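Biologist: Please take a close look at one part of this protein for me, the sheet. Then place that part in the whole.

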Amino acid sequence: MALELRPNCECCDRDLPPAAEAYICSFECTWCPDCATGVLSGICPNCGGELVRRPVRPEGKLAANPASTVRVFRAEPCSPRAA
């Protein structure tokens, strides 16, 4: 099963195309670099897990395994918390 490669930051709603630098937790919650390292201090506010750099899917593999088009956006303000 391939990573979902969500199209936006869940905190600020910034677009994150498949080749963009992004950060994810083990549940694939997705954050832009500014939110991941600044606002969230490397901790997912949804699960309390570590945020790590999302791998870039090779462009040649996107046709068979496209990125998600479903946008996920938090209704609550983003802040680090332990789940």
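Modeller: First, a definition for the charges: Lys and Arg count as positive and Asp and Glu as negative, while His and the chain ends are not counted. This is a predicted model. By that count, the mean positions of the 9 positive and 10 negative charges of the protein lie 3 Å apart.

From the N terminus, the elements follow the order β-β-α-β. The three strands make an open sheet, ordered S2-S1-S3, and the pairing is antiparallel. Strand S2 (30–31) and strand S3 (52–53) are at the edges. Each has a single partner strand, so one side of each has no neighbour in the sheet. Strands of a sheet pair through backbone hydrogen bonds.

Take the pairing of S1 with S2. S1 covers residues 23–24 and pairs with S2 in the antiparallel sense over two bridges. Ile24 stands opposite Thr30 in S2.

The C-alpha trace spans about 35 × 20 × 20 Å along its principal axes. The radius of gyration is 12 Å, which agrees with the value near 12 Å for a compact globule of 83 residues. Of the 83 residues, 36% count as buried. Among contacts with a separation of 6 or more, 56% come from residues 24 or more positions apart. The accessible surface is about 4,800 Å², and 57% of that belongs to carbon and sulfur atoms.

Key: Residues are numbered from 1 along each chain as its sequence is written. This is a predicted model: local features need pLDDT of at least 70, side-chain atom pairs count only at pLDDT 80 or more; totals for chains, interfaces and linings use all residues. Side-chain values use heavy atoms; hydrogens and water are left out. Helices (H or I, at least four residues) and strands (E, at least two) are DSSP runs, numbered from the N terminus. The radius of gyration is taken over C-alpha atoms; the globule rule is 2.2 Å times the number of residues to the power 0.38. Buried means under 20% relative accessible area, exposed over 50%, partly exposed in between (1.4 Å probe, protein chains only). Contact means heavy atoms within 4.5 Å. Accessible areas come from the Shrake-Rupley method with a 1.4 Å probe; for residues, only the protein chains shown count as cover. The place of a charge is taken as NZ of Lys, CZ of Arg, CG of Asp or CD of Glu. Two strands pair if DSSP finds at least two bridges between them.
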